[in-house]
Amino acid sequence: MVTEANAKAGDPCWRLRVPNLRAEDPLSVRPGGIDAWLIGSSATAIASESPLQPPQGQEALLVETEHLINNAFQRLTCKVSMTQKRIHRFPQPLRGIGGKQNRYAEPCVVAIGPYHNDRPHLQEMEEVKHAAAYSFCNAPGRSFKEVYQKVLSVAGDARRCYDASSVAHLSDAAFATMMFLDGCFLMQLMTKPEDPPIVGRILSYGPSILKDVFLLENQIPWLVLEALMEFRPVRVREWIFAQMPGLRKFQRDEKMVQSGAMTRFLMKYRGVPEEKTYVDDESSSISQGDSKPPHLLGVLRFILICNMPPEKRDGVTCRFSAGRSPSFLSSSAMYLSQIGVQLTVSRARWFPDMEVKKKPFFGELSLSPLFLNDLTACCLVNVVGLEAAEAIDASSMALDGYVVSSYLSVLAMLMDREEDVQHLRGKGVLCSRFCNKQTLNFFKDLGRHLRPGFNYFSTMEEIDKYMRERPGRIAVHKFLYNHYKLVVAVLSIASVLFGIFKTLYSIEASREPLSSAIMH
């Protein structure tokens, strides 16, 4: 006998097949009730053991829905496979860290790629791009046709790196021309910034151009630059290090070489002696294994973390218990100093590094030093955006890509007041061109939007463990920290009293021999 349970188990659309069937229906409790109803309605369907077919309109709806979800799955799968090569949009949830008027998310001088190419205030640099392409193509040993055809050969692959809706209005020829002009401009910027007309723009607003070049939404695929490098090799790492002196500590080798072309030119123009910097012997090789960077911003992130141990780079060292709500998540720099956790500069050859160490009488939190100005602030914001954008298409929770985000989350946690910023300055962890208030506001804005990674929680777990295992030492250290003036005053008085008693004792001791001599 066909029962309601059997109907449910055998057909997920059973109510569609038997629309009037309900648990409280008298047919469901009468012997043979359901069978009789089914036999009376469709004896053929029962005999063949096939369910009743839905109406034609519903069947069409099922087919259409299946088609939609299959297409969505295929598109997302394709995005996951292209994640490391795509030119991402700045994640919408992180727009709050883009600064006023999105100055850290949208270009203000030059557009690279199709996302902002139609902005009116960026059109002045389009003529400069044409002049840069002329200079690049007219160098000895190459021709315009040869260079353009090289870019044209990779334009199809480059187009697939962008959101389809952003390049739909561009023909293949228009897109290839855009890649050609933008690529030649970047090549001239990295190798011949002293040539007109780029030289004038660099002298006028060079830092703004550099910020635009490292914006997440203002990139061209690396394969375009790689094609142009066949005509003029570029030491990309050396060029990046030259623009950001604060990164020199994190280079692999300590071999002294001359700075990049732009820095040399600016120093020469201003009469400053040429400075030397560290670069890697293989600075032109920025690939890791078989993978290549997606763009210049990807190169910047790679050279920051390339020396990091794999377990830290992949975020697999986390021991944080997600079910707990520890109080240390709001610990400021001054509070850590109060409980005996000293802030020190990490000596690791990678960025960013965070490590908690236990000393005999106190703890130690070592952090990679950070040089903060408008350019590095912009780069850090966009590296964070890159980490979040790549995580959107992640295929596994096993690895964590929020490496720089974890470091910035720790710094943001340490800064509650301007006194915390000054404390970090005094320890050498932070060197900022911003005032204390501007620095504090920058990191608090970051902290409200950042997604902490595994390295952040691992570091916080170590601090929490220190606090749980050393309550006695923390209590003593807090008392001495909060009452050090009283302690100093008491020790000073005690030392004075000790000196007085010692003097009186010496005088008394000298009187005894004299009294004995008089008596004799």
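Q: Is R103 buried, partly exposed or exposed in this predicted model?
A: Such a class follows from relative accessible area, where buried means under 20% and exposed means over 50%. R103 has a relative accessible area of 35%, so this residue is partly exposed.

Q: With which residue does R103 form a salt bridge?
A: The idea is to look for a side-chain nitrogen of Lys or Arg within 4 Å of a carboxyl oxygen of Asp or Glu. For R103 the partner is D374, and the closest N and O atoms are 2.9 Å apart. R103 lies in the loop between α4 (56-81) and α5 (124-137), while D374 belongs to helix α16 (residues 374-392), so the pair ties together parts that are 271 residues apart in sequence. D374 counts as partly exposed, at 23% relative accessibility.

Q: How many salt bridges does a search of the whole structure find, and which residues are linked in a network?
A: The search finds 21 salt bridges. A network of them links R89, R95, E106, R119 and E217. Within this group, the side chains of R119 and E106 meet at 3.5 Å, N to O. Both R119 and E106 lie in the loop between α4 and α5, 13 residues apart in sequence. R119 counts as partly exposed, with 27% relative accessibility.

Q: Where in the chain do E230 and K150 lie?
A: E230 is in the loop between α10 (222-228) and α11 (236-243), whereas K150 is in helix α6, and the pair links distant parts of the chain, 80 residues apart. Their salt bridge has its closest N and O atoms 3.2 Å apart. E230 counts as exposed at 56% relative accessibility, and K150 is partly exposed at 26%.

Q: Why is the ring pair of F144 and Y148 stacked?
A: Ring centres must lie within 6.5 Å for a pair, and planes under 30 degrees apart count as stacked. The count comes to nine aromatic pairs. For F144 and Y148 the centres are 5.9 Å apart and the planes stand at 25°, so the pair is stacked. Both residues lie in helix α6 (residues 144-159), four residues apart, about one turn of the helix. Y148 is buried, with a relative accessible area of 19%.

Q: What is the geometry of the rings of F144 and F180?
A: Planes over 60 degrees apart count as edge-to-face. The rings of F144 and F180 have planes at 90° and centres 5.4 Å apart, so this pair is edge-to-face. F144 in helix α6 and F180 in helix α8 (residues 172-191) are 36 residues apart, and their pair links distant parts of the chain. F180 is buried, with a relative accessible area of 4%.

Q: Which charged residue sits over the ring of Y115?
A: The charged end of R89 does, 4.0 Å from the ring centre. Y115 also belongs to a cluster with Y162 and F175, linked by ring pairs. R159 lies over the face of F175, at 5.5 Å from the ring centre.

Q: Which residues make a nonpolar surface patch?
A: I493, V496, L497, I500, F501, L504 and I507 make a patch of about 670 Å². One of these, I500, is found in helix α22 (residues 484-519) and is partly exposed, with a relative accessible area of 43%.

Definitions and conventions:
Residues are numbered from 1 along each chain as its sequence is written. This is a predicted model: local features need pLDDT of at least 70, side-chain atom pairs count only at pLDDT 80 or more; totals for chains, interfaces and linings use all residues. Side-chain values use heavy atoms; hydrogens and water are left out. Patches are made of residues with over 30% relative accessible area and no salt bridge: like charges are joined within 9 Å, nonpolar side chains (Val, Leu, Ile, Met, Phe, Trp, Tyr) within 5 Å. Accessible areas come from the Shrake-Rupley method with a 1.4 Å probe; for residues, only the protein chains shown count as cover. Helices (H or I, at least four residues) and strands (E, at least two) are DSSP runs, numbered from the N terminus. Buried means under 20% relative accessible area, exposed over 50%, partly exposed in between (1.4 Å probe, protein chains only). Rings of Phe, Tyr and Trp (its six-membered ring) pair if their centres lie within 6.5 Å; planes under 30 degrees apart count as stacked, over 60 as edge-to-face and the rest as tilted. A charge sits over a ring if NZ of Lys or CZ of Arg is within 6 Å of the ring centre and within 35 degrees of the ring normal.
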